[in-house]
Each structure stands twice: as structure tokens, then as C-alpha cells.
Amino acid sequence: MSDSLSKVIKIVFAILLTVSLILIVWFFAKTSEIDSELSADVQIEQFGSSLEYLIDWTYLLLIVAVGGGLLSTLKVFTNWKSAKQALVYVGVTVVMVGVSYMFSSGELLTIQGYTGTDNNPATLKMVDTGIIVTYFLFAMAGVSILYAEISKMFK
């Protein structure tokens, strides 16, 4: 990657991070004034608008991440070795999600006073799959950090 493109990407990421931090601090400052003794519905009404800004910002960050991911895959089509490696990563991801789905539970939750429609086995199984995938990713990150540090000791 060229130095000028690298600098532009770093600046864009710094701007995105700065705006994210400002929005988070603003959200918590605004919601800290809400009385915790109020019902959940009243609390949501009081800080719903600030929550909307955070959700919209999250959608924008998701669009930027997907766009960046799609742009970075252009390199895969120019190099067969990179394409093979990308296919291995996709395969590992599919296996990880499949194993997580097998371990996930669709057991209904008992929630006092909840009458919504989201307490169904299909939704709960997908949420549980996402949580287990997150655990796998945390474990893999921890193992890779340990490997990097231990391998430095033997060099």
C-alpha cells in the first residue's frame, strides 16, 4: 500500500474513532440524568433520540467496514496465493459458525412481564450462535497473543 493511501486511511480511521468517542460520551452524559427509578418504557422515551443517533452511527460504521472489506478483496483476485488463503479463512469461519450453531441452544427464556415475540427458539438459537462465535474469537485472539509472545522468547 502506498504511503499516501496509508496516511489517508489512518486519518479517516482517526476521524471515525473521534466521532465515535464523542457520541458515546454524549450518550452517557445525557442518559446519566435519567432517574433509574422510572419504568423502562419511560427511560427509553427519555433517551430514545440519543440512542437513535448511536444506532445511525453504528449503521454508518458498518457500511464503512463492509465497503473496506469489499475493497480489500480486490487484492485476492489478482493473486492466486491470496485467493487460496482467503478461501481457507472462509472455510474456517464456516466451520466455526457451524460448530457454534451445533452447541447453541434454542431453549425459551422465562422473563417476568415480557410478552414480546422475540422469545422464540429460532431467534434464541441465532443469538446463542453469535455469542459462542464471539467466545471462539476471543479464545483465538488470546492464543495468538500468547503464541506471538512465546515465539519471541525463543528467537
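Q: Leaving aside its neighbours within four places in sequence, which residues is M96 in contact with?
A: In this predicted model, M96 is in contact with V133, F136, L137 and M140, once its neighbours within four places in sequence are set aside. The word contact is used because heavy atoms of the two residues lie within 4.5 Å. M96 itself is found in helix α3, which covers residues 80-103.

Q: Why is M96 called buried?
A: The relative accessible area of M96 is 11%, and a residue counts as buried when that value is under 20%, so M96 is placed among the buried residues. In the protein chain of 155 residues, 14% count as buried.

Q: How far apart are M96 and T78 in sequence and in space?
A: M96 and T78 are 18 residues apart in sequence, and their C-alpha atoms are 27 Å apart in space.

Q: What makes V97 partly exposed?
A: V97, which also lies in helix α3, has a relative accessibility of 36%. Since partly exposed covers the values between the 20% limit for buried and the 50% limit for exposed, V97 belongs to that middle class. Not counting residues up to four places away in sequence, V97 touches T129 and V133.

Q: Why does G130 count as partly exposed?
A: G130 has a relative accessible area of 33%, which lies between 20% and 50%, so the label partly exposed applies. The place of G130 is in helix α4, residues 121-153. From C-alpha to C-alpha, G130 and V97 are 8.1 Å apart in space, although 33 residues separate them in sequence. For V97 and V127, the separation is 30 residues in sequence and 12 Å in space.

Q: How do you know that S20 is buried, and which residues is S20 in contact with?
A: The relative accessible area of S20 is 13%, and because this is under 20%, S20 is counted as buried. S20 is found in helix α1, residues 3-31, and, leaving aside its neighbours within four places in sequence, S20 is in contact with W57 and L61.

Q: What makes the aromatic pair of F27 and F28 edge-to-face?
A: The structure holds two aromatic pairs, and one of them is formed by F27 and F28, whose ring centres are 5.5 Å apart and whose planes stand at 70° to each other.

Q: What pattern does the protein chain follow when read along the sequence?
A: Read along the sequence, the protein chain follows the pattern α-α-α-α, with four helices and zero strands.

Q: Why is the protein chain called more spread out than a compact globule?
A: The radius of gyration of the protein chain is 21 Å, whereas the globule rule gives 15 Å for 155 residues; the value is well over the rule, so the protein chain is described as more spread out than a compact globule. Along the principal axes, the C-alpha atoms fill a box of roughly 55 × 40 × 35 Å.

How values were computed: Residues numbered from 1 in each chain as written. Predicted model: local features only at pLDDT ≥ 70, side-chain atom pairs only at ≥ 80, totals over all residues. Heavy atoms only, no water. Helix = DSSP H or I, 4+ residues; strand = E, 2+ residues; numbered from the N terminus. Rg over C-alpha atoms; globule rule 2.2 N^0.38 Å. Buried < 20%, exposed > 50% of the residue type's maximum accessible area, 1.4 Å probe, protein only. Phe/Tyr/Trp six-rings, centres within 6.5 Å; stacked < 30°, edge-to-face > 60°.
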